[in-house]
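Please keep the sequence and the coordinates in view while reading.

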Amino acid sequence: MTLAPHAPAAPEPARPALTARALVVEFPVGRGQKVHAVSGVDLDLPAGRTLGILGESGCGKSTVGRALIQLPPPDSGTVRLGAEELTALGPEELRRARARIQIIMQDPVSALNPRRKVKDLVWEGPSIWGRAAADKDTEVDAILRAVGLDPETVRDRRPHELSGGQCQRVCIARALMLDPEVLICDEPVSSLDVSVQAQILNLLETTTRERGLSMVFIAHDVSVVKNISDEVMVMYLGKVCEVLPSDGMHLAAAHPYTRLLLASLPEAQRSGDGSPAHPGASAEPAVVAAELPSPLDPPSGCRFRTRCPLATDRCAAEAPGLREIAPGHRIACHHIESTRSLP
Ligand SMILES: Nc1ncnc2c1ncn2[C@@H]1O[C@H](COP(=O)(O)OP(=O)(O)OP(=O)(O)O)[C@@H](O)[C@H]1O
Ligand code: SF4
Ligand SMILES: [Mg+2]
């Protein structure tokens with residue numbers, strides 16, 4: 001008798017490192033008005049992976065990043081770091097949990113206290129947590145080397161004596177000192193010279209890989225986000241419109257807004273090989289006349305409808321929810337079947 005071969009086991013889904021559900025952040029701005037900065041965002045970051053967040057200025061990327069670390073906590077929704085629900089923690093428990101999730105900001109110079117020396121800046125976290133001062137020199141030197149800085153040269157310098165790239169390396173060293181599980185990087189290279197950007201991106205990529213870190217990488221530069229991320233989440237006016245794998249995203253992107261973003265890239269950047277993003281696509285950016293609507297009074301239904309060439313009455317009446325159209329690919333649009341007609 002011949003036994004039927006076993007079906008190959010399905011790959012184990014990666015353990016979630018960070019999960020957010022239904023995040024809402026609103027900023028009151030007087031006269032009963034509020035900025036709808038983040039309106040019901042879900043986010044899934046599997047352990048050891050990088051999730052890019054993409055979208056134009058003001059779409060809520062940084063507000064999501066800050067809500068994930070609870071600075072400030074969201075107005076509603078939940079954030080779970082591993083098995084721990086951050087949104088349910090008291091102040092002391094939250095302070096402890098924050099060591100496990102570190103943020104790297106856009107402007108490294110202003111993120112560092114100008115009066116402190118590099119060795120003290122890097123040791124700030126461990127000293128707060130009561131680590132033995134006897135370990136300081138060895139540990140500081142080791143982490144400085146790990147981020148590509150020469151301890152002999154920089155240890156006793158202050159931030160104004162360093163370049164922007166060196167300051168960002170110090171910020172990365174400070175974050176790593178606490179041995180975090182998750183790094184939130186909010187535009188970590190956009191204030192740096194182009195020549196330095198690639199070095200910092202390489203450092204983040206190798207550091208996360210070697211240490212098994214999970215990373216949320218926020219930027220408005222499509223090619224930077226695509227290159228460093230495993231998955232990309234595209235936001236528009238406080239909402240998620242598409243989540244998709246970064247590999248092949250230029251061909252797979254289905255949401256009209258994502259297509260618009262990709263179509264506005266120079267042709268050579270669209271697919272990385274100089275070919276157009278979609279077969280038959282024009283190299284011209286999509287023409288969308290309307291401006292970004294105000295987050296004080298976002299459009300009803302689909303928030304992208306005032307700029308969307310495919311908008312219908314249904315789009316004004318009903319907000320589209322995210323639905324899966326392929327493994328790992330979710331999109332919030334009522335008219336997915338028509339989006340391939342776009343550039
Ligand atoms: N403290 C605040 N008070 C009032 N409005 C705010 C505050 N912080 C952010 N906003 C508004 O919330 C919206 C989202 O801002 P956010 O900084 O998250 O956008 P972003 O996508 O990070 O933009 P950028 O690419 O320019 O950094 C914007 O309309 C912004 O003006
Ligand atoms: S739901 Fe409607 S308005 Fe929104 S992206 Fe899809 S087609 Fe455009
Ligand atoms: Mg921002």
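**The ligand site**

A polar side-chain atom of Ser57 lies 2.5 Å from an oxygen atom of ligand 1, a polar contact being a pair of N or O atoms within 3.5 Å; within protein, one must be able to donate a hydrogen and the other to accept it, and residues adjacent in sequence count only if both atoms are side-chain atoms. Lys61 also places a polar side-chain atom 2.8 Å from an oxygen atom of the ligand, whereas Gly58 has a backbone N or O atom 2.8 Å from an oxygen atom of ligand 1. Taken alone, ligand 1 exposes 640 Å², and the protein buries 65% of that; accessible areas come from the Shrake-Rupley method with a 1.4 Å probe, and for residues only the protein chains shown count as cover.

The model is predicted: local features need pLDDT of at least 70, side-chain atom pairs count only at pLDDT 80 or more, and totals for chains, interfaces and linings use all residues. Residues are numbered from 1 along each chain as its sequence is written, chains are lettered from A and ligands numbered from 1 in the order in which they are written, and side-chain values use heavy atoms, with hydrogens and water left out.

Which residues come nearest to ligand 1? Of the 13 residues around the ligand, these are Ser57, Gly58, Lys61, Ser62 and Thr63, where near means that a heavy atom of the residue lies within 4 Å of the molecule or strand in question. Both β2 (34-46) and α1 (61-68) supply at least two residues of this shell, and the largest share, three residues, comes from α1. Helices (H or I, at least four residues) and strands (E, at least two) are DSSP runs, numbered from the N terminus.

**The four-stranded sheet**

An open sheet of four strands has the order β2-β1-β4-β5, with antiparallel pairing; two strands pair if DSSP finds at least two bridges between them. One side of β2 and one side of β5 (84-85) are left without a neighbour in the sheet, because each of these edge strands has a single partner strand. On this sheet packs α1, which touches β1, β2 and β4 and whose direction makes about 120° with that of β1. Contact here means heavy atoms within 4.5 Å, and axes are lines fitted to C-alpha atoms, for helices over the stretch in contact, with angles from 0 to 180 degrees between N-to-C directions.

Strand β1 (residues 16-28) is joined to β2 by ten bridges, and the two run antiparallel. Leu18 stands opposite Leu45 of β2. In the hairpin of these strands, five residues lie between β1 and β2, and Gly30 takes a positive phi near 90°. Further along the sheet, strand β4 (residues 76-81) pairs with β5 in the antiparallel sense over two bridges, with Leu81 opposite Glu84.

**The eight-stranded sheet**

Another open sheet, of eight strands, has the order β6-β7-β8-β3-β9-β10-β12-β11 and mixed pairing. Its edge strands, β6 (101-104) and β11 (323-326), each pair on one side only. Direction ignored, neighbouring strands of this sheet are turned by 20° against each other on average.

Helix α7 (residues 164-177) lies across both strands and runs at about 175° to β6. Helix α8 (residues 194-211) packs on the sheet and touches β6, β7 and β8 (214-219), its direction making about 160° with that of β8.

Strand β8 contains Ser214. With a relative accessible area of 2%, Ser214 is buried; buried means under 20% relative accessible area (1.4 Å probe, protein chains only). Beyond its neighbours within four places in sequence, Ser214 has contacts that include Ala17, Leu45 and Leu183.

**A covered helix and the whole chain**

Helix α11 (residues 256-263) is mostly covered, with eight of its eight residues buried. In the loop between α10 (249-252) and α11 lies His255, which counts as buried because its relative accessibility is 2%. Leaving aside neighbours within four places in sequence, the residues in contact with His255 include Cys241, Glu242 and Phe304.

Overall, the protein has 13 helices and twelve strands, and 46% of its 343 residues are buried.

Conventions:
Buried < 20%, exposed > 50% of the residue type's maximum accessible area, 1.4 Å probe, protein only.
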